[in-house]
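Here's a walk through a protein chain, from its overall layout down to a few individual residues. Have the structure open and follow along.

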Amino acid sequence: MDNETQSETEEEILVYAEFEDSVNLNKYKFVHVLGIDTKHPVFQLDDTFFTGTYENPLGTYMFFEEDPTIQSSDPLFDRLPAKNLKYLCKTRKLINVEHAYITPKEEDKGQGQSEVVNDDTQNEDIQPAAFNSIQEALEIFKKEWENKIKE
């Protein structure tokens, strides 16, 4: 089949990510989300890693942006708020995000290897990965990502 006849559709879904720790996203230069379509996405903020878990929110998360235009039907008697906000969008998808800690493995598992440990119990479907270097981990991830995109 020719590439021109194939149509690719993308669906944009807004997800609210709530960090357990107080995280100032403005201080990070790069924010990457890996595996957003998996049960446990990984968030990388510069050199800091977080793991996420999808949860059912109690309500709807609504997003607003500051509106510089002042709207008043009666400028004499209306009290103007300090900030005017206008509705932007909403979502019912929530990811609870917490720090991922790296701890050394026990000696019988190999020297110099480490694994990611969450505060909660490990899932059986996620196997710990052992890499000798960050470069090796990045190369393996890139290969897996390229294979997933090709599928």
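What you're looking at is a predicted model, where local features need pLDDT of at least 70 and side-chain atom pairs count only at pLDDT 80 or more, while totals for chains, interfaces and linings use all residues. Residues are numbered from 1 along each chain as its sequence is written, and side-chain values use heavy atoms, leaving out hydrogens and water.

First, the overall layout. The chain has one helix and nine strands, where helices (H or I, at least four residues) and strands (E, at least two) are DSSP runs numbered from the N terminus. Follow the sequence and you get β-β-β-β-β-β-β-β-β-α. Of the 151 residues, 15% are buried; that label means under 20% relative accessible area, with exposed being over 50% and partly exposed in between (1.4 Å probe, protein chains only). Among the contacts (heavy atoms within 4.5 Å) with a separation of 6 or more, 49% involve residues 24 or more positions apart.

Now the surface. The chain exposes about 13100 Å², and carbon and sulfur atoms supply 50% of that; accessible areas come from the Shrake-Rupley method with a 1.4 Å probe, and for residues only the protein chains shown count as cover. Leu25, Val31, Val33, Ile36 and Tyr54 make a nonpolar patch of about 390 Å². To join such a patch, a residue needs over 30% relative accessible area and no salt bridge, and nonpolar side chains (Val, Leu, Ile, Met, Phe, Trp, Tyr) are linked within 5 Å. A salt bridge here is a side-chain nitrogen of Lys or Arg within 4 Å of a carboxyl oxygen of Asp or Glu. Val31 sits in strand β2 and is partly exposed, at 46% relative accessible area.

Next, look at Tyr87 in strand β6 (residues 85-91). Which residues does Tyr87 touch, not counting those up to four places away in sequence? They are Met62, Phe63 and Phe64. The C-alpha atoms of Tyr87 and Phe64 are separated by 4.6 Å, although the two residues are 23 apart along the chain. Tyr87 is partly exposed, with a relative accessible area of 44%.

Most residues other than glycine have a negative phi. Asp46 isn't a glycine, yet has a positive phi of about 55°. You'll find Asp46 in the loop between β3 (42-45) and β4 (48-55), partly exposed at 26% relative accessible area.

Definitions and conventions:
Patch = residues over 30% accessible without salt bridge, like charges linked within 9 Å, V, L, I, M, F, W, Y side chains within 5 Å.
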